[in-house]
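Open the model in your viewer and keep the selection panel at hand. The stops below come in the order in which to select them.

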Amino acid sequence: MKVPEDTAFRSQLRSAAVTARVGTWLGICFTICFVTGLISHYAQNVSQPIPFPTSPSWGYRVTQGLHVITGTASVPLLLVKLWTVYPKLFARPSRDARKLVLEVLERGSIAVLVAGAIFQLASGLANSAQWYPWSFSFRTTHYAIAWITIGALLVHIAVKLPIIRGALTSDVEDTTYDRPTATEPGALSRRGLLRTTWVAAGVAVLATAGSTVPILRRVSVLGVRSGDGPAGIPINKSAAAAKVAPAATSSGYRLTVAYGDREVSMTRDELRAMEQTSERLPIACVEGWSASGTWTGVRVRTLLDLVDAPRGSEVHVVSLQQAGPYKRTVLQDGFADDDRTLLALELEGEPLALDHGYPARLIAPNRPGVLQTKWVTRLEVSA
Ligand SMILES: Nc1nc2c(c(=O)[nH]1)N[C@H]1C(S)=C(S)[C@@H](COP(=O)(O)O)O[C@H]1N2
Ligand SMILES: [Mo]
């Protein structure tokens, strides 16, 4: 097979005029994705030198919803953008040594950018579909590659800035920056291609946004996990998958609050007999879906007072679950002391479903869903 040369690609659609316009939106999406990703990563850090805020309670719901929506919209944008530029892969290398060095550097940075972008979108989409065909830690890897990708993106924008500026300030039909052989009309006009691209990105947004925005639920074919589950809140890990059913339904269940050598243990009925508080708070999963519910239970702060734990204490929340990364989470002091943070016993006026964390679960404002620990059996205050 003969490798084609870039001169063999003749469509006028493959023009910097198109690339720059699609690239602008891709850049916007990547920037939002990067910033909201940093927020999500920080929110899941155990140590938070600057305390993650507990207000607004829906903050993480918005940032993580945006993260997954902009990531999904990036898929069609990236595909179109790559399609408009890939003939350049086949361009003859320069004979001039100095130019050649610059070309190699530029192509190297683009290779990093393309590989990073594809990795981020593919791993992110797989993760939001709860498909984990890998053995590395998703969060660590996605975070590291994000920095590499955004760095390569900045270099790319800096290198291309004159062309980007020129292309964006002239008409979309302008041919100034076209390859000399890209002269044949395409299957549709440049405007038509751009419109199709915006529609594809829009469809991708609608198809995912439904897992966060209730009125979009019915059009949300990709937001599969939304709206099902008891009280309209999806179930992430079921009691069966977490292997907690016998312990969670046993009459031997106790909630223990421990601080130093002080310990208090209570049955679920004893928890029910304490002052009950109701809060409307969302579960906002890192995978993008979110849903609000009215939770009723005992304030975590009230429970900590039973063992005289001082304000400003960090609390370890321990689940009945015996294995898995979320069987034990850290509740930072800002969350522990917030009056809206509950050990919930009920959802929408009904006892928690076993899958939602019966007999008791943590629910705190503005907290990634992954840290809203279910089947809680122990609150341990760090002394
Ligand atoms: N013990 C335990 N708690 C857990 C999990 C888990 O795997 N084990 N999953 C978390 C995740 S990822 C989310 S999004 C929420 C979902 O709560 P729900 O299933 O009640 O909607 O529970 C969290 N609590
Ligand atoms: Mo989650």
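The tour of this predicted model goes from the domains to the ligand and then to a cavity.

**Stop 1: the two domains**

Colour residues 6-216 as domain 1 and residues 232-381 as domain 2. Next, select the contact between the domains. Domain 1 gives 25 residues to this contact, and domain 2 gives 25 residues.

**Stop 2: the shell around ligand 1**

Centre the view on ligand 1 and show the residues within 4 Å of it. How many residues surround ligand 1? There are 19. Then colour the shell by class. It has 9 nonpolar residues, 7 polar and 3 charged.

**Stop 3**

- Gln 321: a polar side-chain atom lies 2.6 Å from a nitrogen atom of ligand 1.
- His 356: a polar side-chain atom is 2.7 Å from an oxygen atom of ligand 1.

Switch to a surface view. How much of the accessible area of ligand 1 does the protein cover? On its own, ligand 1 has 530 Å² of accessible area, and the protein covers 98% of that.

**Stop 4: the cavity**

The structure holds 1 cavity of 30 Å³ or more. The volume of the largest cavity is about 40 Å³. Which residues line the largest cavity? Select Ser 15 and Ala 17, then Ala 167, Ser 170, Asp 171, Asp 174, Tyr 177 and Asp 178. Colour this lining by class as well. It divides into 3 nonpolar, 2 polar and 3 charged residues. Among the lining residues, show the side chains of Asp 171, Asp 174 and Asp 178; Asp counts as charged.

Methods:
Residues are numbered from 1 along each chain as its sequence is written. Chains are lettered from A and ligands numbered from 1 in the order in which they are written. This is a predicted model: local features need pLDDT of at least 70, side-chain atom pairs count only at pLDDT 80 or more; totals for chains, interfaces and linings use all residues. Side-chain values use heavy atoms; hydrogens and water are left out. On a 1 Å grid over the protein atoms alone, a cavity is a set of points where a 1.4 Å probe fits but cannot get out, and a pocket is an open set with protein on both sides within 12 Å along at least five of seven lines; lining residues have an atom within 4 Å of a point. Grid points are joined across faces, edges and corners, and a volume is the space filled by probe spheres set on the points. A polar contact is a pair of N or O atoms within 3.5 Å; within protein, one must be able to donate a hydrogen and the other to accept it, and residues adjacent in sequence count only if both atoms are side-chain atoms. Accessible areas come from the Shrake-Rupley method with a 1.4 Å probe; for residues, only the protein chains shown count as cover. Domain bounds come from an automatic or database domain assignment. Contact means heavy atoms within 4.5 Å.
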